Amino acid sequence: MIYIIMGVSGCGKSTLGAFLSEKLGWPLHEGDNFHPKENIEKMACGEPLTDQDRLPWLLKLHEVIERVRCSGCDALVVCSALKRLYRQILLYGSKAIAPSSLPDKEFLPPTSPDVFFLFLHGNYDLIHQRMVARRGHYMKEGLLRSQFDVLEPPSDEENVLPLDIRRSIPDMATEVEKHITSLKSSPMP
């Protein structure tokens, strides 16, 4: 089972990921570590990334997810996954970006039964306050608006567990543990 912890910058993805990794004993794959140097420099200068900038990064994360899936292990992946297309790339790699005009393009389901999205959501002001207070991260608060502008919250059909960031990290982790327990007690389709 793989949980992709998603949401805009500053919502607590890395903090929740580290907490869950420690609590569950699952490996954590921090999406920030897979960004090309150019992307980090661009964001550090206050420039939002384009879809084209994000594509190589998302494809690298797709490879990580596929390796974990093939190994049969559980894992956590931290990635903003702001748009539905980005989430499809995480799940299906380059198949998700094939031209839809191709007659033989296969239908891609909205999700995979062993991958779930933990959507950390909250309002702009709260997240902005958190970003102003944090130190040592290349992503500055000036880019937050651009992330909210492109955010496409996941739909129920995308195997999403929404988590309100006004809750504490331990409280959110408890909800994730309950989710895992419910999945393990119900048969997979």
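How much accessible surface does the protein chain have, and what share of it belongs to carbon and sulfur atoms? After that, please go through the sheet strand by strand.

Guide: The model is predicted. The accessible surface of the protein chain comes to about 9600 Å², and carbon and sulfur atoms account for 55% of that area. Of the chain's 189 residues, 46% count as buried.

Now the setting of the sheet. The chain contains seven helices and five strands, and along the sequence these follow the pattern β-α-β-α-α-β-α-β-α-α-β-α. Among contacts between residues at least 6 apart in sequence, 72% join residues at least 24 apart.

The five strands form an open sheet in the order 2-3-1-4-5, with parallel pairing. Strand 2 (28–30) and strand 5 stand at the edges; each has a single partner strand, so one side of each has no neighbour in the sheet. Neighbouring strands are turned by 20 degrees against each other on average, direction ignored.

Take strand 1 next. Strand 1 (residues 2–6) runs parallel to strand 4, and five bridges join the two. Within this pairing, Ile4 stands opposite Phe117 of strand 4. Leaving out residues up to four places away in sequence, Ile4 touches Ile65, Val77, Cys79, Leu90, Val115, Phe116, Phe117 and Leu118. Ile4 also belongs to the largest nonpolar core, which has 51 residues. The members that touch the most others in this core are Tyr3, Ile4, Leu16, Leu90 and Leu118. Two of these, Leu90 and Leu118, are also on the contact list of Ile4.

Strand 4 (residues 115–121) and strand 5 run parallel and are joined by five bridges.

Strand 5 (residues 160–164) deserves a separate word. As an edge strand, strand 5 has a single partner strand. Even so, strand 5 is mostly covered, with four of its five residues buried.

A helix also belongs in this picture. Helix 7 (residues 169–185) packs on the sheet and touches strand 1, strand 4 and strand 5. The direction of helix 7 makes about 160 degrees with that of strand 5.

Methods:
Residues are numbered from 1 along each chain as its sequence is written. This is a predicted model: local features need pLDDT of at least 70, side-chain atom pairs count only at pLDDT 80 or more; totals for chains, interfaces and linings use all residues. Side-chain values use heavy atoms; hydrogens and water are left out. Buried means under 20% relative accessible area, exposed over 50%, partly exposed in between (1.4 Å probe, protein chains only). Two strands pair if DSSP finds at least two bridges between them. Contact means heavy atoms within 4.5 Å. Accessible areas come from the Shrake-Rupley method with a 1.4 Å probe; for residues, only the protein chains shown count as cover. A nonpolar core is a set of buried Ala, Val, Leu, Ile, Met, Phe, Trp, Tyr and Cys residues joined through side-chain atoms within 4.5 Å. Axes are lines fitted to C-alpha atoms, for helices over the stretch in contact, and angles run from 0 to 180 degrees between N-to-C directions.
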